[in-house]
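Visitor: Hey, could you walk me through a bit of this one? I'm new to reading models.
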Amino acid sequence: MAVDIDEPALLRALGEAITGRREELGLSQRALGVEAGVERNMLRGVEDGSRRARSSPWHVSPKH
């Protein structure tokens, strides 16, 4: 059974969640990028919903 997913809406919701948590922690995009090991431009794209987040088996959990 196929499920229709509104991918743009899902990406926007993910970006909003990441932005909200980043702001709660008082981190800039640059600081979060350093902690997460991603470029600030990549993070900006994920936060605004224009880029997909990529998972990695080598992901390290943030210290916060």
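Visitor: Is E47 buried or exposed?

Guide: E47 is buried, because its relative accessible area is 9%, and buried means under 20% (exposed is over 50%, partly exposed in between; 1.4 Å probe, protein chains only). Keep in mind that this is a predicted model, where local features need pLDDT of at least 70, side-chain atom pairs count only at pLDDT 80 or more, and totals for chains, interfaces and linings use all residues. Residues are numbered from 1 along each chain as its sequence is written, and side-chain values use heavy atoms, leaving out hydrogens and water.

Visitor: Okay, where is E47 found?

Guide: In helix α3, residues 40–47. Helices here are DSSP runs (H or I, at least four residues), numbered from the N terminus.

Visitor: Which side chain does E47 join in a polar contact?

Guide: That of Q29, at 2.7 Å. A polar contact is a pair of N or O atoms within 3.5 Å; within protein, one must be able to donate a hydrogen and the other to accept it, and residues adjacent in sequence count only if both atoms are side-chain atoms.

Visitor: And where is Q29 found?

Guide: Q29 sits in helix α2, residues 29–36. Q29 counts as buried because its relative accessibility is 17%.

Visitor: Switching topic: what do the buried residues of α3 pack against?

Guide: They pack against α1 (7–24) and α2, with contact meaning heavy atoms within 4.5 Å. The buried ones are M42, L43, G45, V46 and E47.

Visitor: What follows α3?

Guide: G49, with a positive phi near 85 degrees.

Conventions. Helices (H or I, at least four residues) and strands (E, at least two) are DSSP runs, numbered from the N terminus.
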